[in-house]
Amino acid sequence: EGPAFAWFGNYPAQAGGQAEPVLWRVLRVADGQALLLSDRVLDVQPAHRGEGYDGYETSTLFAWLNGDFLRSAFGAAEQAAVLASGVPVSLPSADLLRDKALGFSGARDRMAAPTAYALARGVLAYRGGAQAGYWMADKAQSMIGAQRRVLEEGNLGYIRADAENIGVRPLVTLSVPRVSAVAGDGTREDPFTLVLDGGPLPTHSPVPPPTPAP
C-alpha cells in the first residue's frame with residue numbers, strides 16, 4: 001500500500017553540489033495528471049524574502065521553485081511535462097499531508113530525510129540529520145508573517161516566513177500524456193524511471209484488484 005516511487009529530473013544531492021536523480025513519491029494519478037512529492041528535502045530557502053508576505057502564491061519561494069529550481073532540476077522536455085499540467089511547482093499543504101488515501105496515515109509518514117546538499121546548506125535537521133524540517137504551502141493563521149512547516153517526527157507547526165533554515169520539499173504535477181514509466185516496479189527499492197516518450201504512466205494501486213470467481 002501507499003505511494004509508488006519514481007526517478008525524475010536531477011538536482012544537487014551531494015555536499016559539494018554534485019547532482020543526482022531525484023526520487024519522487026507518486027501520490028496520485030488521475031485526470032491525466034500525476035502528483036509527485038520529492039521523497040527527500042532537497043534544498044533550503046526562506047518562504048519569503050523582504051516585506052509584505054501574503055502567502056505562498058506571491059512569495060519569493062514560489063518564484064524560486066517555478067524559476068531557478070524548475071530550470072535546475074529538469075531539462076527542457078521535463079519542464080514541458082510539468083508546465084503542460086497547468087499547475088505550478090508547489091509545496092505540500094496540511095490537507096495533503098493528512099490525506100490517508102495519499103499515504104499519510106500519521107505524523108511519521110510526513111517525516112523526510114534531507115539530502116547531503118540540503119544539510120550542507122544549513123537546513124534545520126533533527127536526529128543527527130536523519131530528518132529535516134520543511135515548508136508547507138499554508139500561511140500561518142495565528143502569527144502574522146508566518147508560514148506553516150513540518151517539524152521533528154512529522155509534527156506540524158509554523159515559523160516566520162523569512163526563516164533561513166527551513167527545507168524545501170517540492171510538489172510537482174506532470175502531464176501524464178507527456179511521460180512514460182520504464183524499468184523498476186515502482187517500489188522504493190526499485191523505482192520507476194520516468195521518460196518523455198508520450199506513453200502511459202503506470203502506478204501501483206493501493207488496493208489489489210479482485211480475483212474473478214470461477
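Predicted model: local features only at pLDDT ≥ 70, side-chain atom pairs only at ≥ 80, totals over all residues.
Modeller: Residues are numbered from 1 along each chain as its sequence is written, and side-chain values use heavy atoms, with hydrogens and water left out.

Biologist: Why is R25 called buried?

Modeller: Buried means under 20% relative accessible area (exposed is over 50%, partly exposed in between, with a 1.4 Å probe and protein chains only). R25 has 10%, so R25 counts as buried.

Biologist: What makes R25 and D39 a polar contact?

Modeller: You need a pair of N or O atoms within 3.5 Å; within protein, one must be able to donate a hydrogen and the other to accept it, and residues adjacent in sequence count only if both atoms are side-chain atoms. The side chains of R25 and D39 are joined at 3.0 Å, so the pair qualifies.

Biologist: Which residues does R25 touch beyond its neighbours within four places in sequence?

Modeller: Contact means heavy atoms within 4.5 Å. The list for R25 includes L37, D39, F104 and R188. The C-alpha atoms of R25 and L37 are 5.1 Å apart.

Biologist: What makes a set of residues a nonpolar core?

Modeller: Its members are buried Ala, Val, Leu, Ile, Met, Phe, Trp, Tyr and Cys residues joined through side-chain atoms within 4.5 Å. The largest one here has 38 residues, and L65, F69 and F74 touch the most other members. Another core, of 18 residues, lies apart from it and includes L37 and F104.
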